[in-house]
Amino acid sequence: MEELPRVLQQLWGIEGRSRPGPKPAFHISDIARAAVKLADAGGLAAVSMSKVAAELGFTTMSLYRYVDAKDDLYVVMLEHAFAEPPAFDPERGWREKVTAWAQAFRDGLRQHPWILQIPIQEPPLSPHQLAWMEAGLQAFDGTPLAPQDRLSAMLLVNIYVRGTAQLTANMLTEPDAVQVADRLYTQRLAMLATPDRFPGIAATLEVPPDEGYAGDFDAAEFGFGLDTVLDGIQSRIDRLTS
């Protein structure tokens with residue numbers, strides 16, 4: 001069997017082949033905390049091997065005793081940022097469990113929006129990432145969905161959460177600017193999208209002023225979209241049980 005990458009060995013507490021040199025001066029979790037701190041303050045662009053090393057008070061070369069490349073650093077950051085998945089109330093139905101899972105995932109992305117900038121190059125293999133996957137699959141316990149269908153349904157919810165978080169990322173970092181831009185866009189759209197040419201668009205603008213954007217547009221849209229996704233999964237479950 002091929003040996004696991006060194007970064008995964010460390011995250012799983014597996015002893016791999018020892019490396020020559022002095023005894024490590026810190027733990028991989030220290031690297032994770034330093035890198036996440038930099039990313040939370042300045043985005044993913046603020047993270048580099050040299051800056052993480054400086055944050056820890058060590059040389060850049062010392063980091064290479066823990067991570068072989070920047071992609072490994074991203075694995076460590078994701079593992080630290082997400083931590084454990086939410087615990088489900090066993091009395092709840094699948095829909096409530098999946099909703100709790102999706103909202104917790106969304107909260108993680110809102111707290112660390114730089115996560116969305118990390119390219120997805122392979123499926124997750126670190127402890128917390130697999131724990132999140134397992135929790136998402138277990139949320140479908142009690143349904144007639146086959147294991148592969150549960151995986152597909154979980155990935156569908158995952159993609160939806162990531163997509164909405166990506167689209168609304170600016171609302172979290174610059175909420176005031178977003179509200180100004182939203183009002184300006186609405187005004188311009190009302191001028192250009194006349195009912196005779198764009199009746200569908202014009203109809204969306206026929207909303208009382210007190211029901212328009214009020215700072216919680218993200219939450220409202222997220223709930224509507226998630227309910228719609230879950231409605232689709234429910235339809236599949238209904239077909240299996242009919």
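Helices (H or I, at least four residues) and strands (E, at least two) are DSSP runs, numbered from the N terminus. By that definition the chain has 12 helices and zero strands, so its pattern along the sequence reads α-α-α-α-α-α-α-α-α-α-α-α. This is a predicted model, in which local features need pLDDT of at least 70 and side-chain atom pairs count only at pLDDT 80 or more, while totals for chains, interfaces and linings use all residues. Residues are numbered from 1 along each chain as its sequence is written, and side-chain values use heavy atoms, with hydrogens and water left out.

**The chain as a whole**

- Of the 242 residues of the chain, 35% count as buried (buried means under 20% relative accessible area, exposed over 50%, and partly exposed in between, with a 1.4 Å probe and protein chains only).
- The accessible surface of the chain is about 14,700 Å², and carbon and sulfur atoms hold 57% of that surface (accessible areas come from the Shrake-Rupley method with a 1.4 Å probe, and for residues only the protein chains shown count as cover).
- Among contacts between residues at least 6 apart in sequence, 70% join residues at least 24 apart (contact means heavy atoms within 4.5 Å).

- Helix α5 covers residues 70-82, and its 13 residues should span 18 Å at 1.5 Å a residue (the expected span is 1.5 Å times one less than the number of residues).
- The buried residues of α5 are D72, L73, Y74, V76, M77, L78, E79, A81 and F82.
- These buried residues of α5 pack against α1, α2 (28-42), α3 (49-56), α6 and α7 (127-138).
- L73 lies in helix α5 and counts as buried because its relative accessibility is 0%.
- Leaving aside neighbours within four places in sequence, L73 is in contact with I31, A35, V47, M49, V52 and V67.
- L73 and V7 are 66 residues apart in sequence, but their C-alpha atoms are 8.4 Å apart in space.
- Just after α5, A83 takes a positive phi of about 50°.

- R6 is in helix α1 (residues 6-12), and R6 counts as buried because its relative accessible area is 12%.
- The side chain of R6 makes a polar contact with the side chain of D68 at 2.3 Å (a polar contact is a pair of N or O atoms within 3.5 Å; within protein, one must be able to donate a hydrogen and the other to accept it, and residues adjacent in sequence count only if both atoms are side-chain atoms).
- A polar atom of the R6 side chain also lies 2.9 Å from the backbone oxygen of Y64.
- S48 is in the loop between α2 and α3, and S48 is buried because its relative accessible area is 19%.
- The side chain of S48 makes a polar contact with the side chain of S50 at 3.1 Å.
- A polar atom of the S48 side chain lies 3.1 Å from the backbone nitrogen of K51.

**Salt bridges**

- The structure holds eight salt bridges (a salt bridge is a side-chain nitrogen of Lys or Arg within 4 Å of a carboxyl oxygen of Asp or Glu).
- One of them joins the side chains of D89 and R92, at 3.7 Å from N to O.
- D89 is partly exposed, with a relative accessible area of 36%, and R92 is partly exposed, at 44%.
- Another salt bridge joins the side chains of R92 and E96, at 3.2 Å from N to O, and E96 is partly exposed, with a relative accessible area of 43%.
- The side chains of D231 and R95 also meet in a salt bridge, at 2.6 Å from N to O.
- This pair links distant parts of the chain, with D231 in helix α12 (residues 217-241) and R95 in helix α6 (residues 94-111), 136 residues apart.
- D231 counts as partly exposed at 39% relative accessibility, and R95 is partly exposed with a relative accessible area of 26%.
- Salt bridges that share partners join D89, R92 and E96 into one network.

**A nonpolar surface patch**

- L4, W12 and I14 make a nonpolar surface patch of about 270 Å² (patches are made of residues with over 30% relative accessible area and no salt bridge, with like charges joined within 9 Å and nonpolar side chains (Val, Leu, Ile, Met, Phe, Trp, Tyr) within 5 Å).
- I14 is in the loop between α1 and α2, and I14 counts as partly exposed because its relative accessibility is 41%.
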